[in-house]
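This report describes the cavities of one protein model and the helices around them. Please look at the structure first.

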Amino acid sequence: MYPELPFSDVRPLFRPLQHKLIELLSSLTAEDWNRQTVAKQWKVKDVVSHLLDGDLRVLSMQRDKYFGQQPPNIKGYEDLVAWLNQLNADWVAASRRLSPDVLTLLHQTTGPLVCDHYESLDLQTEAIFAVDWAGESTSLNWMHLAREYTEKWHHQQQIRDAVGLDGIMTKAFFRPFMDTFFRALPNTFRNVAAEEGTLIQATITSEAGGSWFLVKEEKGWLLTSGGEKTPDATVEIPAEISWKLFSKSLRPSEIRKQIKITGDEALGEKVLEMVSVMA
């Protein structure tokens with residue numbers, strides 16, 4: 001028997017990550033705001049607007065329980081993704097009339113309020129939304145908040161990547177992000193047949209990274225914190241690629257030559273298909 005990967009309490013991370021965001025926005029030049037990000041449809045300013053939209057939705061729906069815009073008839077995952085993408089696009093288009101200074105001011109207002117709300121939540125209470133990309137139909141708040149953390153981390157990193165500024169590719173910020181992203185791995189492998197006991201190791205190759213293990217048990221695939229035998233497949237992914245790959249900004253075919261797979265090639269390739277965002 002393998003121990004399930006324990007959950008992390010990410011609540012203490014939101015406030016320092018918010019401080020990092022305000023420092024970042026305050027440092028951007030006029031040229032920086034118009035730089036292209038790895039989110040192919042969005043410039044830096046668009047990503048900043050999207051982060052603000054996230055804050056406003058959290059305060060309105062999650063804190064205030066106000067659902068002003070009802071979803072259409074959602075028949076499945078693809079319908080949900082399409083609807084969310086349209087919401088995001090509508091907001092970004094409308095907010096292009098806002099100046100960078102106004103966006104920064106609004107983030108200075110909403111950010112602390114969102115942190116207050118997140119810090120108030122009981123981790124073991126059922127969350128308002130399930131984490132669909134992890135294959136969950138209901139989620140507890142620890143997972144919901146971890147998902148929210150990944151949203152804030154990876155969009156801020158998109159901005160940093162576009163303007164060439166470091167700051168959150170550190171163990172303190174990056175490791176909890178990857179811990180959460182790998183929660184999608186069992187769902188990625190849900191239809192993969194393998195002998196019981198098959199073990200896969202995924203390693204993010206940097207001081208801020210680490211290794212995650214997936215084992216096939218009688219009831220399915222389990223994300224675990226360690227392995228009791230030599231893995232049947234090992235995948236090594238550079239840190240600077242990993243967050244782009246698993247957020248679907250890059251696809252496996254684009255970066256395959258930079259990935260090292262040993263052992264079972266097919267199992268290793270399957271790891272690269274993991275997507276840990278709604279996309």
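Pro6, Phe7, Ser8, Val10, Trp142, Met143, Ala146, Pro176, Asp179, Thr180 and Arg183 line the second largest cavity. A cavity is a set of points, on a 1 Å grid over the protein atoms alone, where a 1.4 Å probe fits but cannot get out, and lining residues have an atom within 4 Å of a point. The model is predicted: local features need pLDDT of at least 70, side-chain atom pairs count only at pLDDT 80 or more, and totals for chains, interfaces and linings use all residues. Residues are numbered from 1 along each chain as its sequence is written, and side-chain values use heavy atoms, with hydrogens and water left out.

Helix H6 and helix H7 (171-181) each give at least two residues to the lining of the second largest cavity. Helices are DSSP runs (H or I, at least four residues), numbered from the N terminus.

A search of the whole structure finds two cavities of 30 Å³ or more. The table sets them side by side; a volume is the space filled by probe spheres set on the points, with grid points joined across faces, edges and corners. Ala, Val, Leu, Ile, Met, Phe, Trp, Tyr, Cys and Pro count as nonpolar, Asp, Glu, Lys and Arg as charged, and the others, Gly among them, as polar.

| Cavity | Volume | Lining by class |
|---|---|---|
| Largest cavity | about 100 Å³ | six nonpolar, three polar, two charged residues |
| Second largest cavity | about 70 Å³ | seven nonpolar, two polar, two charged residues |

The largest cavity is lined by Phe14, Leu17, Gln18, Leu21, Leu51, Asp55, Gly111, Val114, Cys115, Lys152 and Gln156. Two or more residues of this lining come from each of helix H1 (11-27), helix H3 (44-63), helix H5 (100-120) and H6. H1 provides the largest share, four residues.

Pro12 also lies in helix H1. Pro12 is exposed, at a relative accessible area of 57%; exposed means over 50%, buried under 20%, and partly exposed in between (1.4 Å probe, protein chains only). Between Pro12 and Cys115 the C-alpha distance is 8.9 Å, although they are 103 residues apart in sequence.

Gly164 follows H6 and has a positive phi, near 75°.

How values were computed:
1 Å grid on protein atoms, 1.4 Å probe; cavity = no way out; pocket = protein on both sides within 12 Å on 5 of 7 lines; lining within 4 Å.
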